[in-house]
Every structure is written in structure tokens, then in C-alpha cells.
Amino acid sequence: MKRKFLIPLLTTILVLTACGKDAGSDPDNIFESTAGSSAETSAENSNNSDAPDSMANAEPISEDEINEFNDLFSTPEYIGFLKKPFNDPSELDWDVVLESGGIIDTNISQDEIDAFVKEENQERLYANLWRISKKDLDSYAKSHTGESFDAGNDSFTWRYLEQYDSYYIEKFEMEEPIFFTCVSGEKSGNEYSLRFTTDQPDHYGYNSDRIINLTKDGDSIIVRSNSIQWEENCNPDQTFDVELVPGEGPVRFISYPGDAQNGVGIAIVKDGKLITSLSTYTSRGDNWGYFKKLNAVGFFDFNADGVKDIAMIGETDFGTNIILAESVPGGSYEDFYDVPEKIEEQYGDSVSIPQIKSFLLGDNTDCTFGHYEDAYEQIANLYHIGSDDVTFDLIYVDDDDIPELVAGKDGYYVSLYTFKDGHAHCYMHHWTYGAMGNAGYYYSPRKNVFHNTNYDYAGAIQYEAFMSIREDGELEEDLCAKYIWFQDTDGDGAPSEDEEMSDDYTEPYGEYYTNLTGKDMTTEEIKAEIERLESLEFKEVHGSISYEELLGALGVR
């Protein structure tokens, strides 16, 4: 292996459930604030409204029972069930449930530590190692949820070591915990519905009350569900049901008035669980701050990917401002910077959602395209509106007749798009490089292979990653290598002045490999495949032509 040299180039989570409007009433999903339409909170809404049908004839629990549940749910054994919502035990985030340490063992032998480090392809531990035996975890799940533990749960990230029949995970220091207090409850037979409140001052979103439904039979407590009351203290005038992803059904867009420090808050929830949260932070010149009031929201696709993006108009201390939140890979939203200011310059404080839509889309209000040329023109136009410094390119990543679109600022970030089914699909969204040791991203023409080199400690640690577009249409890492170019005698993972550095950079002091392909491969097979990939021809993924040159290449101007 030959060393490559780098030339350096350069929210409080909120969450959401039942006041507000229905976005489906408008075919374009465009909304303006309407005075006098807020719904009053009913007395029924302040009770345990998420209780199951079996609680129809429930009676209030006693103060002694409230105290009993407070004692129980303040213990590491049970507090984890209060943190994240779940409609039934199959939806539990076991990492979160277990992180409070209720059944954790930290007295781990050196043999186990060595086996874990080897399985993780690491040179050492970087944090504390926790262990749970498979037997104990199965027993815990059954006795606390009534169901067997499912190790295939996507939220469970612990490493299983067969020789010890146990699960392991590295854990850093946890954040300051949120504490919960049971304030009321109802019961019907052995079925209970309990309301817990948090100790947080910003009582909305994730910090709202939660309703815990459980079964109590003597000393046995079976936790059934946790429903966070997302719409507590929401703004009903700007809370909507809206289908953002075609065919996936509606989600709940919930806005919160917020406070002087955090401003308006936004959460998007489906089936009682957070999809994503949005910040209303904005800046203009030397002015910065959050929306003090949300005036209007619009849901429409402007980045040509077929998923509705979000346009918001709000009041700040420095005027009326716009935030554009575009859908990005992974189901989240990120701010589309620079463009909002151009819209504000044209329309001023009287700007409306229809004007924003017209500015971004022109006559193509559906944002659908029959040819890649038109979709790429739409994307490029957005980048060009925001900045004259963006450059573009058309490249062939795989062996088909449709090129991919590159957009970005050379030496800072790059985005990559392809075209299919009438829309653009984003492989890379503002992937940064040129600083912090990242040498940039490269592709092998028509081979569906990407390569990235990254460094830590001025090149003392080198990372190589090879990626490809998988069958699901996403760009994912396949094989990774980590090379250590210094003799880490103190084992701290960082070079020290007295530690020997490699002179010729041909043989590293340590090398570690990771296989993410899903195929069984030995270390030698991984090394051989990396050497084969390194021998391919690679070109940099970056913009090399101007906006006007791109339009000419697309044949649209």
C-alpha cells in the first residue's frame, strides 16, 4: 500500500399528536395564518387521553400508588421506558432503555475486552465497556414488557460475542438526565394509565408529558406503551396533517410558540414518534435570532426529488424572514441557505407562500420532469440563485445513458444527483471536504465505485473508504481501512512527541479493516479487494463548469 499525501484546502429535539389543521384540504398544501381558529383545550384532553379501551371505566389511583410509581420509575431498571415513545414493545429503542444501567455489568475481563476490540477492528477501547448477558437481557425483556427480546431490532447496536453469549457496547459519559414525576393516573383492574411530567422548563416537544400504559399484577410490572403528548403547548393555527412523502400517508407538522431563548419550534411526527425537528434560527448580515412568530407554512417540492419541502415565513427582531427546509437523504430536512434572502429582496415584508412557490418553480408547480435535463436545470437554478460561486459538472458514475449532476463549491462541499422516475435522487448532499484532513471524493467512471481519503493528526492516522450505490439506490460504504503511521506505545490512539513516526510511509505500524458489504470476507480478502479498487482510474467529484456552461451542456438554453 502506498501512502497518499493530502494538500489541505482550506435543537433541543422537538416532537409531535391532535390540535391544528389538515393540510390535505388544499391541493397545493399552502397555508396562511387565520385568526380565531385555534382550538380550545378540553378537559378531556388534559386527562390520560391515550389510555387503551380497557380503561373506559377507570378510576383515579391513590396518592400512595402515585408515590409507588414515582419510586419505581426513578430507578435505572425502569426510567429508560419513559424516555422515547413506543406504541408497543416491538417499537422499543433498547439502546435508550438500557443506557440507564439497570442490568449492566461493567466488571469485564481482559479477555472479553480483547475479543470485543478485535471484533470491532479497533486497536483499543475508546470508552467504558458495558456488558449484558443474553440470558439476562432475555429475562429482563420478558419480565418488563411481556415479550421476548428481539436482537434484530434496528435500534439495538450492541455487539454480540458468541464465545461469551453476551452483548457489549462502548459508552461515553451520558448527558445530564431528564427526571420524570408521576402526577396522576387511572386504573381498571390491573391495567394502569399514568401521566408523567418532566423537570424541564421548556415544556413542549420531547419535554411534554407522557402517558405510560402498563399492567400491574402484584410485584410484576409490564410496560405496554409510552405516548408523548406532542401537542401540549403547541400553536394550533400552524399545526397540520400533511403528506410529505407520496404514498407514505400523512405526518403531523407541529409548531410551538417557543420562548425568548429558543424561539418557535417545529417537530414532525408520525404514529407518535419524531420523524425530524426543524430550527427556526436565521441570520441576515449582523442580525441573527429565531422566529418569534410563525406566520405561514407551505409544503411543496422545490428540489425536484418528489418529496415535499417546507417553506416558512416568520417574524424576527429584524423583520419578516423566510426559511426554506429541503428534504435530504435519510428523511430529514436541512436549511437551504442564501436563496431566502433573494426572495425577501424581491417581495419584502409582504411575502407570501404563493410568491415563494412561484419564485422557486415558475410554471412547473408540480416539480415533475420528463427528462433529466429539466430536473437538473431546476436543481442548478436553486444553487445559482443562492451563490455565484457554485460550479457544476455532468459525470457518469454507472454504466447507463443518464449522467449524474455535480454541484458545489470547490474545496468546500459537493452534492451529487441522479435522475429516475421523473425526479432527482440525491446521493451526496453538501458533503464537506478540503478541511480537517478530508481530501475529497473520487469516482471511477462507469464503475460505480467511490473513494475517499481522510486524515487525523496531520496524517499520522489515515482512513480509506470505498463506496458504491447499492441496490436500494443509496450510496453506502463498502470497505474501509485505517492505517496508523506512528508507534502508539502509550495506547492512547494519538501521536505523542516521543512516539516514533514512519519514515517511508510504506508499512504502517497498525492497520484495521471494516467490511460493510454484508458478504463474508476474511481480512486478507478485504485487503486484496481494497488493492484492486485502488488500482482503478479515479476522477474527483467536483464542479468544473459554470452555471451557463452547464445549461449549454444540458441543451436547455
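**Close-up views of a predicted model**

**View 1. The buried side of helix 9.** Helix 9, residues 547-554, has as its buried residues Y547, L550, L551 and L554. Because these residues cover an arc of only 100° around the axis, they lie on the same side of helix 9. The arc is taken from the directions that run from the helix axis to the C-beta atoms. Buried stands for under 20% relative accessible area, exposed for over 50%, and partly exposed for values in between (1.4 Å probe, protein chains only). Helices (H or I, at least four residues) and strands (E, at least two) are DSSP runs, numbered from the N terminus. This is a predicted model, in which local features need pLDDT of at least 70 and side-chain atom pairs count only at pLDDT 80 or more, while totals for chains, interfaces and linings use all residues. Residues are numbered from 1 along each chain as its sequence is written, and side-chain values use heavy atoms, with hydrogens and water left out.

**View 2. The surroundings of helix 9.** The buried residues of helix 9 pack against helix 7 (372-386), strand 21 (391-395) and strand 22 (404-409); contact here means heavy atoms within 4.5 Å. On the face turned away from the buried side, helix 9 carries the exposed residues E548 and A553. After helix 9 comes G555, with a positive phi near 75°.

**View 3. The salt bridge between D93 and K84.** A salt bridge is a side-chain nitrogen of Lys or Arg within 4 Å of a carboxyl oxygen of Asp or Glu. The whole structure holds 21 salt bridges. In the one between D93 and K84, the closest N and O atoms are 3.0 Å apart. D93 is buried, at 17% relative accessible area, whereas K84 is partly exposed, at 33%.

**View 4. The salt bridge between K273 and E91.** The closest N and O atoms of K273 and E91 are 3.0 Å apart in this salt bridge. The pair links distant parts of the chain, 182 residues apart: K273 is in strand 14 (residues 273-279), and E91 is in the loop between helix 1 (63-72) and helix 2 (94-98). K273 is partly exposed at 28% relative accessibility, and E91 is partly exposed with a relative accessible area of 28%.

**View 5. The salt bridge between R131 and D105.** Here the closest N and O atoms of the salt bridge are 2.1 Å apart. R131 belongs to strand 4 (residues 128-133) and D105 to the loop between helix 2 and helix 3 (110-119), so the pair links distant parts of the chain, 26 residues apart. R131 is buried, at 15% relative accessibility; D105 is partly exposed, at 27%. A network of salt bridges links D105, E112 and R131.
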